[in-house]
Amino acid sequence: MHNLEKVYGSGETRVNALKNINFTVKRGDFMLIVGSSGSGKSTLLNMIGLLDKPTSGKIIIDGVDTTTLDDNHLSSFRNSKLGFIFQFSNLLVDLTVLENVTLPRNIQNTLEGAEIEAKVLLKTVGLESQFNKFANKVSGGQAQRVAITRALINKPAIVLADEPTGSLDSISAETTVQLLKSLNRKLNQTFIIVTHERPQFGEVDKIVTIKDGKLIEGELVGDTHIA
Ligand SMILES: Nc1ncnc2c1ncn2[C@@H]1O[C@H](COP(=O)(O)OP(=O)(O)OP(=O)(O)O)[C@@H](O)[C@H]1O
Ligand SMILES: [Mg+2]
């Protein structure tokens with residue numbers, strides 16, 4: 001990220017949500033973005049995920065300056081390189097667990113082989129007995145594991161998650177964190193995670209804190225800065 005700025009609105013409603021953000025993430029890193037409510041975490045994640053465009057600055061992923069891509073190239077770049085996990089699993093309830101996972105491949109017309117890959121991934125997250133259940137018949141924690149599997153089906157280089165444990169009880173949250181960390185080690189994918197639950201994640205490769213739209217490398221505990 002090079003000198004990222006994001007301004008929402010104008011005049012009296014103008015919000016300078018990100019100010020002069022600079023940082024680098026290495027391939028395979030497990031990184032957390034922390035900070036208080038309204039500090040700009042989701043705004044930053046949406047920029048990294050190419051879901052929204054910065055007002056100025058550059059986002060370079062795998063050597064590509066994504067800010068120069070037109071909308072078509074941007075969406076194909078996003079579909080091939082990035083995977084998303086949100087606070088709520090956002091599964092389609094009319095589809096089975098397996099169909100939810102293969103949905104991104106169905107949309108892209110690359111369904112061939114997807115079912116086998118999806119089954120392998122679903123086994124990894126402990127859902128081998130749930131393939132054919134409808135998505136509204138699984139628990140919240142299981143639904144989040146389905147959503148994680150769906151985010152991984154395209155083998156994205158970067159997995160982005162906004163509060164992935166935010167809607168889970170502490171046991172499901174712990175399982176989800178361990179799962180994200182083991183997938184990160186096994187698949188050498190980069191994980192960038194926004195969280196309010198910093199302690200749940202234990203040791204990680206990198207942490208940045210956002211405060212009033214500005215980035216601080218490391219974390220703040222009270223007023224103390226831990227690099
Ligand atoms: N679409 C938008 N239009 C206008 N202002 C916005 C928009 N999205 C976010 N903001 C503002 O930008 C700032 C940062 O919001 P953001 O959602 O990034 O915070 P956050 O750190 O993710 O907060 P939380 O922890 O509560 O999810 C806030 O002041 C918010 O009101
Ligand atoms: Mg947010």
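In strand S2, the bridge partner of Leu-4 is Ile-21. The model is a predicted one, in which local features require pLDDT of at least 70 and side-chain atom pairs count only at pLDDT 80 or more, whereas totals for chains, interfaces and linings use all residues. Residues are numbered from 1 along each chain as its sequence is written, and chains are lettered from A and ligands numbered from 1 in the order in which they are written.

Helices (H or I, at least four residues) and strands (E, at least two) are DSSP runs, numbered from the N terminus. Two strands are taken as paired if DSSP finds at least two bridges between them. S1 and S2 pair in the antiparallel sense over four bridges. These two strands form a hairpin with six residues between them, and Gly-9 in the turn has a positive phi of about 65°. S1 (residues 2–8) also pairs with S4, again in the antiparallel sense, over two bridges. In this pairing His-2 stands opposite Lys-58, and the bridge partner of Glu-5 is Ser-56.

The three strands form an open sheet in the order S2-S1-S4, with antiparallel pairing. S2 and S4 (56–58) are the edge strands, each pairing on one side only. From one strand to the next the twist averages 20°. Helix H1 packs on this sheet and touches S1 and S2, its direction making about 60° with that of S2. For such values, axes are lines fitted to C-alpha atoms, for helices over the stretch in contact, and angles run from 0 to 180 degrees between N-to-C directions. Residues are in contact if their C-beta atoms, placed from the backbone, lie within 7 Å.

A second open sheet has six strands in the order S7-S8-S9-S3-S10-S11, and its pairing is mixed. S7 (82–85) and S11 stand at the edges with a single partner strand each, so one side of each is left without a neighbour in the sheet. The twist averages 20° from one strand to the next. Strands S8 (residues 158–162) and S9 (residues 190–194) pair in the parallel sense over five bridges, with Leu-160 opposite Ile-192. The pairing of S3 (residues 30–34) with S10 (residues 206–211) is parallel, over four bridges, and Ile-207 is the bridge partner of Leu-32. S10 and S11 (residues 214–217) pair in the antiparallel sense over four bridges, and Thr-209 stands opposite Ile-216. S10 and S11 form a hairpin with two residues between them, where Asp-212 in the turn has a positive phi of about 45°.

Helix H5 lies across S7 and S8 and runs at about 170° to S7. Helices H3 (residues 97–107) and H5 (residues 140–152) pack at an angle of about 30°, with their axes 7 Å apart. H3 is therefore roughly parallel to H5, a term applied to angles under 35 degrees. The crossing of H3 and H5 is right-handed, that is, the near helix is turned clockwise from the far one by less than a right angle. Val-97, Asn-100, Val-101, Leu-103 and Pro-104 of H3 make the contact with Val-146, Thr-149 and Arg-150 of H5. This contact has five nonpolar, two polar and one charged residues.

The axes of H5 and H6 (residues 170–187) come within 10 Å and cross at roughly 20°, which makes H5 roughly parallel to H6. H5 passes H6 in a right-handed crossing. Gly-140, Gly-141, Gln-144, Arg-145, Ile-148 and Leu-152 in H5 meet Ser-172, Thr-175, Thr-176, Leu-179 and Leu-183 in H6. By class, the contact of H5 with H6 has four nonpolar, six polar and one charged residues.

Definitions and conventions: Two residues are in contact if their C-beta atoms, placed from the backbone, lie within 7 Å. Angles under 35 degrees count as roughly parallel, over 145 as roughly antiparallel, 65 to 115 as roughly perpendicular and the rest as oblique. Ala, Val, Leu, Ile, Met, Phe, Trp, Tyr, Cys and Pro count as nonpolar, Asp, Glu, Lys and Arg as charged, and the others, Gly among them, as polar.
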